[in-house]
Amino acid sequence: MKVSEITIADVADYIREDEPDEKLLTAILTAAKEYVCKYTGLSPEQVDSHEDFWLAVMCLCQDMYDTRSMYVERGNTNRVVESILAMHAVNYL
C-alpha cells in the first residue's frame, strides 16, 4: 500500500480503536507522513514508490497515539521506523 492511500480508517484499524477521534487521527496521520518525508529527505511522491514506508507510517501513528507526546522528546525512535527510514534517507550532510 502506498503512503498516500492510507486512510483514517486504516489507522484506526491498525491501532485497534473502535471509536476513533477523527480529528486526532487526521493530525497524527499528517504528522507521521511529514516525519517520514523530513527524516528521509524524500518527496511524498518518492515515499509512495516504496511500499515499506506504509509500515513506518503506521508504527509512527501507533506510537504517537499511544504516547501523545512529542516524538523527539523521548530521545529515541521506534527501531522498526528508524530502520525503514534510514534505508531510504537521502538528506545526509
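First, the ground rules. The model is predicted, so local features need pLDDT of at least 70 and side-chain atom pairs count only at pLDDT 80 or more, while totals for chains, interfaces and linings use all residues. Residues are numbered from 1 along each chain as its sequence is written, and side-chain values use heavy atoms, with hydrogens and water left out.

Start with the residue. Where is histidine 88 placed? In helix 5, residues 79-88. Helices here are DSSP runs (H or I, at least four residues), numbered from the N terminus. Is histidine 88 buried or exposed? Histidine 88 is buried, with a relative accessible area of 16%. Buried means under 20% relative accessible area, exposed over 50%, partly exposed in between, using a 1.4 Å probe and protein chains only.

Now its contacts. Set aside neighbours within four places in sequence, and histidine 88 touches Thr40, Leu42, His50, Asp52 and Phe53. Contact means heavy atoms within 4.5 Å.

Next, helix 5 itself. Its buried residues are Val81, Ile84, Leu85 and His88. Look down the axis of helix 5: these buried residues fall within an arc of 95°, so they line one face. That arc is taken from the directions from the helix axis to the C-beta atoms. The face turned away from the buried side carries exposed Arg79 and Met87.

What do the buried residues of helix 5 pack against? Helix 2 (22-40) and helix 4 (53-67).

Take helix 4 first. Helix 4 and helix 5 pack at an angle of about 140°, with axes 9 Å apart. Axes are lines fitted to C-alpha atoms, for helices over the stretch in contact, and angles run from 0 to 180 degrees between N-to-C directions. Helix 4 and helix 5 are therefore oblique to each other. Oblique is what remains after under 35 degrees (roughly parallel), over 145 (roughly antiparallel) and 65 to 115 (roughly perpendicular). On the helix 4 side, the contact is made by Phe53, Leu55, Ala56, Cys59 and Leu60. They meet Val80, Val81, Ile84, Leu85 and His88 of helix 5. The residues of this contact divide into nine nonpolar, one polar and no charged. Ala, Val, Leu, Ile, Met, Phe, Trp, Tyr, Cys and Pro count as nonpolar, Asp, Glu, Lys and Arg as charged, and the others, Gly among them, as polar.

Last, helix 2 with helix 4. Their axes come within 9 Å and cross at roughly 130°. Helix 2 and helix 4 are therefore oblique too.

Definitions and conventions
Helices (H or I, at least four residues) and strands (E, at least two) are DSSP runs, numbered from the N terminus.
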